[in-house]
Amino acid sequence: MGLDVSYEKATNRVCAAAVVIELESLAVTDMATVVGEVTFPYVPGLLAFREAPILLEALQGLTNEPEVLVCDGYGIAHPRRFGLACHLGVLTGLPSFGVAKTSFVADFVDPGPRRGAGSPLREGGETLGRAVRTQDGVKPVFVSVGHRIGLDQACDITLKLCPRYRIPEATRQADIASRRMLRTASWPGG
DNA sequence: GCGACAG
DNA sequence: ATCTTGTCGC
């Protein structure tokens, strides 16, 4: 399942979406959104304090508990080795990992140019995750484990969720859902 | 001190 | 994150 948050700067409102995707068919089987207000500023390294609370609220709205959380951001590839995906995993007890669009804590050599290629995300002597090419010729995404899951499996799931786009279908659908909800929520009478 | 900096 | 049209490419 994928989680994402969208913001509306003008109104200080925020919308979190939780979308459950069936891994085999990539069909959306459940979804929940929550609209709220910004309560914490964006500070690199402290994203969880800004997004985790409302994301947990969105998770409460689901009919069934998902099997694994795909988060928009880092797991352990984080300055303190505890990014958003770690917070959400521990707080829910569910397996989780993060898929970020950029990297700022680790070094990596560019993976091969084709879909499926990957290279370790490292800092010092430790491997914190993997840069994964999810589509031919597009920039890689940065996968790191959050809770109760291994890096190989996290990357496996990531690739299965990317048959066509760079961003995993789970977080991509959550992004679409949260944006749409923010729009319709500001529409007169909704 | 300087630059970089998930979303 | 968000502000934003057309445009290049498969």
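Student: Is Ala10 buried or exposed?
Tutor: Ala10 is exposed, with a relative accessible area of 80%. Buried means under 20% relative accessible area, exposed over 50%, and partly exposed in between, with a 1.4 Å probe and protein chains only. Please note that this is a predicted model: local features need pLDDT of at least 70, side-chain atom pairs count only at pLDDT 80 or more, and totals for chains, interfaces and linings use all residues. Residues are numbered from 1 along each chain as its sequence is written, chains are lettered from A and ligands numbered from 1 in the order in which they are written, and side-chain values use heavy atoms, leaving out hydrogens and water.

Student: Where is Ala10 found?
Tutor: Ala10 lies in the loop between β1 (2-8) and β2 (13-21). Ala10 is 165 residues from Asp175 in sequence, and their C-alpha atoms are 19 Å apart in space.

Student: How many helices and strands are there in chain A?
Tutor: Chain A has 4 helices and 8 strands. These are DSSP runs numbered from the N terminus: helices are H or I with at least four residues, strands E with at least two. Their order from the N terminus is β-β-β-α-β-α-β-β-β-β-α-α.

Student: Changing topic, which residues of α2 are buried?
Tutor: In helix α2 (residues 84-92), the buried residues include Leu84, Cys86 and Leu88. The buried residues of α2 pack against β1, α1 (47-60), β4 (69-71), β5 (96-100) and β8 (141-147), where contact means heavy atoms within 4.5 Å.

Student: And what follows α2?
Tutor: Gly93 follows α2, and its phi is positive, near 80°.

Student: In what sense do β6 and β7 pair?
Tutor: Strand β6 (residues 118-123) and strand β7 (residues 126-132) pair in the antiparallel sense over 6 bridges; pairing requires that DSSP finds at least two bridges between two strands. Pro120 stands opposite Arg130 in β7.

Student: How many residues are between β6 and β7 in the hairpin?
Tutor: There are 2 residues between them, and Gly124 in the turn has a positive phi of about 65°.

Student: Finally, what fraction of chain A counts as buried?
Tutor: Of its 190 residues, 49% count as buried. Residues 24 or more positions apart account for 58% of the contacts in chain A with a separation of 6 or more. The C-alpha trace of chain A spans about 50 × 35 × 30 Å along its principal axes.
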